[in-house]
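The following explanation leads the reader through a structure of two chains, one part at a time. Please keep the sequence and the coordinates in view while reading.

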Amino acid sequence: MRFIDEFRESEYAKAIVDKIHYISRKNVKLMEVCGTHTVAIFKSGIRGLLPAAIKLISGPGCPVCVTPMTDIDKAIALARQKDVIFTTFGDMMRVPGSLGTLQKKKADEGLDIRIVYSPLDALKIARDNKDKKVAFFSAGFETTTPAIAATVFQAHMDGLSNFFILPVNKTVPPAIKALLDTAELGLDGFICPGHVSVLIGSNAYKFIAEKYKRSAVISGFEPVDILLSIYMLIKQIEEKDARVEIEYKRAVTPEGNKKAMGIMWDVFEPCDADWRGIGVIPESGLRLTKKYEMFDAVKHFGINVPAVEDKTSCNCGDILRGLKEPPECRLFGKVCTPENPVGPCMVSEEGSCSAYYRFGANG
Amino acid sequence: MCLGIPAKVIKIDDHLAIVEIGGARKEIGLLLVDDISVGDYVIVHAGYAINKINEKEAEETISLLRRLADEVYR
C-alpha cells in the first residue's frame, strides 16, 4: 500500500542501522511512549538490531492499559441498567475490573454489550434503537478523542436523546511530564506518538527540550520510520542538542490538526485522572463540558461505584512507567498470559507484556 | 489503539466520504478535516479522517532515506 510499503524497505532499514552503530557512543535510554510503536518495535525486531548502548523501554502509551478498575466497574454498572446497549472498542472487553471483565459479564449475565470499530457505529445503534439507551465506553488518547467529540457533536446536532458516553479519555503530554519527573527512570529521549501528534502537533512537546533538556522525535509506525527516529534521537544526544523533531512529516505538523482539536475542546475539558498502576496525574483526563454534560452516562444513570484499590500482585505499574521489564514480574508468562491476562499490560495487544510475550525480548 | 491507516478518498458526500484501503471500501467521517478532495490520501482512525497525508513531505522523507542508503552503500 502507498505510504506504507516505502517505509518497510529493508535496504533503507539496513542503512539506518549501520548509521546508528556508527554514531552511537554513549549509553542512552529511549522510551517509546505509544503502544502502537511498542508492537511495531517488537514485531519488526528493532531491539535486536541496535547497539548494546541503546536501551529502548516501553512507556504507558496504551489507553486500554491505563484504564483503572473503577472505570471498568462503572462500565459494568452501566451495562446492567435496564434497556441499555453498552458499546465499546474491542480491547476494553477483557480488562479486569474488581467485578470481572465486560466479556465475562456479557457471557454470565447476558448483558447487551457490543463491540464497535468507531463511535459512529455506536451512534448508528442509538439511531436504530430509539426505545433503548446506548452508552459508549469513551477511551483513548488525543488520536481517538476528537473522533468521539465529533460523534457527540453530531448527536447534539441531531437532537439524539438516547446516546451517552462514559468518558475515561486521557491526554499524553501530562503523562510525559510525570515520567520526566520520575528521576529514577533517567530517560535521555522520547520516541513520541505519531498519531496523537497528528492532532496535537509537535509544539505540544516543546517542554521536553526546553524545560527538561531531553530529546524528542515524533515517529511514524513503519520499521524504517522508527529506525530513522532512533537515528535522529541518537544524533541529537551525541551532539548534545536536545530538540523536538518530526520524522513523521507526511502526517504531523508543528501546529497539529486545529479543527479537530477545536471540536475536542468544545466537547471536553481537562480534569485530573487516575492512570492504572501509576496514580493520579493532574489535568491528564477529560470530562464533558457543561454544554455537552447531558451526554454523560454516569450522571444520566446516577452511577455510583466505590473506588477500588488495585490489589493484583502484578507489576503493571512499574512496567507502564518503564521501571521494570515484563519478565521481572513474577506472574509474567506463568499465571499471566495473553489467554489468561492478570494485568492490563497483558490484556491489550499493545501492552508491553503482551508484545514481549508474543515476540520475545528482541522481537 | 492509535492505529491509523492511509486511505484514498474515492467519493465525498458532505461530511462523509468513501475511501479505499488496500482494495476495500469504507465510509468515514470528514468532520475533523478541511479541504479534502477526491484522490487525496487521508489517515483513518476510528471511522474518521484525522488528517490529509502530505505527499510532498512523504517524497522528501523518501529522498532522505535514499541519500542515507547511498552514503552507506557507496
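The model is predicted. Chain A contains an open sheet of 5 strands, in which the order is β2-β1-β7-β8-β9 and the pairing is parallel. At the edges stand β2 (54-61) and β9 (244-246) of chain A; each has a single partner strand, so one side of each is left without a neighbour in the sheet. From one strand to the next, the twist averages 20 degrees.

Strand β5 (residues 133-138) of chain A is joined to β6(A) by 5 bridges in the parallel sense, and A:V134 has A:F163 in β6(A) as its bridge partner.

The loop between α6 and β6 (163-167) of chain A includes A:S161. How exposed is A:S161? This residue has 13 other C-beta atoms within 10 Å; a residue counts as exposed at 12 or fewer and as buried at 20 or more, so A:S161 is partly exposed. Although A:S161 and A:M294 are 133 residues apart along the chain, their C-alpha atoms are separated by 8.6 Å.

Chain B consists of 5 strands and 1 helix, and from the N terminus on its elements follow the pattern β-β-β-β-β-α. Its radius of gyration is 15 Å, well over the 11 Å that the globule rule gives for 74 residues, so chain B is more spread out than a compact globule. Along the principal axes, its C-alpha trace spans about 50 × 25 × 20 Å. Of the 74 residues of chain B, 35% count as buried. Among its contacts between residues at least 6 apart in sequence, 29% join residues at least 24 apart.

The two chains meet where 44 residues of chain A are in contact with 31 residues of chain B. On the chain A side, the elements that give two or more residues are α1 (10-23), α2 (35-44), α5 (119-128), α6 (145-157), α8 (194-200) and α11 (258-267). Of these, α1(A) gives the most, with 6 residues. The residues on this side of chain A divide into 25 nonpolar, 8 polar and 11 charged.

In soluble globular proteins, nonpolar side chains tend to be buried together. The largest nonpolar core here has 145 residues, of which A:A135, B:L32 and B:A49 touch the most other members. Helix α10 (residues 223-238) of chain A supplies the largest share of this core, 10 residues. Which residues surround B:A49, leaving aside its neighbours within four places in sequence? The contacts of B:A49 are B:A17, B:I28, B:L30, B:L32, B:V33, B:I36, B:V42, B:I43 and B:V44.

Definitions and conventions: Residues numbered from 1 in each chain as written. Chains lettered and ligands numbered in written order. Predicted model: local features only at pLDDT ≥ 70, side-chain atom pairs only at ≥ 80, totals over all residues. Contact = placed C-beta atoms within 7 Å. Helix = DSSP H or I, 4+ residues; strand = E, 2+ residues; numbered from the N terminus. Nonpolar A, V, L, I, M, F, W, Y, C, P; charged D, E, K, R; others polar. Pairing = 2+ DSSP bridges. Axes fitted to C-alpha atoms, helices over the stretch in contact; angles between N-to-C directions. Core = buried A, V, L, I, M, F, W, Y, C linked by C-beta atoms within 7 Å. Rg over C-alpha atoms; globule rule 2.2 N^0.38 Å.
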